[in-house]
Amino acid sequence: MNSTEELVEVVLPGKVEPEGLRIRHGAVPAPGPGQVVIRMEATGVSFAEQQMRRGRYYDQPPFPFVPGYDLVGTVLSTGGGVEPGLAGTRVAALVKVGGWASHVVVDAADMVPVPDGIAAAEAEALVVNGITAWQMLHRKARVRAGHTVVVHGANGGVGSILVQLAQAAGAQVIGTASTRHHDSLRERGVAPVDYRTHDLAARIRELAPDGVDAVFDHVGGRGIVDSWRLLAPGGTLVSYGSASTRDDEGSKQWPVLKLLGRVWLWNALPNRRSAYFFNVWAGRALAKTRFRARLRTDLTQVFAALQRGEITAQIAAQLPLTRVAEALRLAESGTTAGKIVLNP
């Protein structure tokens, strides 16, 4: 290890505006048994960190902490019981917190190899968004050729990958987005619908009179009922967020619990439709080995889809870690398409 290297990390001290994030310098950590130190090459801004700075992410740690949901980098050093030959290889990891740092300690079992030929920023754009899209599409909704699906926020981080993976599986896609994104969606073969339209559900029903096979909904709130009603018999609703309650005060658990209650009720009804509330971390606490195996399998599939040209990694902007406040502002502005990537 190069002794001149130093640790640079971003600390979230409490509920602050983006400018309240602090940059901290320190010594590069050493890996413990079963661990590696990854020298970060790319991390990113996701919806989770936007929620964390408001103190509204479902199970965030107490302040202060280092945010950063995922990262891509090179293995710098390995701890006991880890194959030393892994040093120098490029890997991706989903960490939930801790990714906004120049060096990150990760359990070796949590890292996924990044194939040669994929740049760090490209891979980063696909870690949390790619796994989320892949698992919802293939493990929950089991979308296949001939299906019609609705993707809300079809131009978003997860939405744009969902669109491409659904099309690669042979499905037709109806995508909601603001009108400025409609031309690019049409070019991709998506039927676009303005999410601000007066009766969104009725407009979608015109395009799919018999209902749809799957709806992917990150908005939550009252609109979730419309999403459920769009399903054809045998269809699946996958809810994966509550963006509609982003700026609410009050309990951060309540919107999620309300959604879970609704999902439970719908699944109890004898109508051949199913609903899921998707959380990428589900199952980790109970079955860590299975969770890790599934994560590795699925992210490997996402990287393979990128290499086959079925999906593209959309990068909206790349900024150095020390300009994280600017990056967070940009992500929260809602004006970009693709991932905001941070480099060391």
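Buried means under 20% relative accessible area, exposed over 50%, and partly exposed in between, with a 1.4 Å probe and protein chains only. This is a predicted model, in which local features need pLDDT of at least 70, side-chain atom pairs count only at pLDDT 80 or more, and totals for chains, interfaces and linings use all residues. Residues are numbered from 1 along each chain as its sequence is written, and side-chain values use heavy atoms, with hydrogens and water left out.

**Exercise 1.** Classify Arg-323 and Glu-326 by accessibility and state how their side chains meet.

Solution.
- Arg-323 has a relative accessible area of 38%, so Arg-323 is partly exposed.
- Glu-326, at 40%, is partly exposed.
- Their side chains form a salt bridge of 2.8 Å, N to O. The term requires a side-chain nitrogen of Lys or Arg within 4 Å of a carboxyl oxygen of Asp or Glu.

**Exercise 2.** Find which parts of the chain the salt bridge between Arg-292 and Asp-110 ties together.

Solution.
- The closest N and O atoms of Arg-292 and Asp-110 are 2.7 Å apart.
- Arg-292 belongs to helix H9 (residues 288-307), and Asp-110 to the loop between strands E6 (103-107) and E7 (111-113), so the pair ties together parts 182 residues apart in sequence. Helices (H or I, at least four residues) and strands (E, at least two) are DSSP runs, numbered from the N terminus.
- Arg-292 is buried at 17% relative accessibility, and Asp-110 is buried at 12%.

**Exercise 3.** Determine how many residues of helix H3 are buried.

Solution.
- H3 spans residues 128-140.
- Of its 13 residues, 10 are buried, among them Trp-134 and Leu-137.
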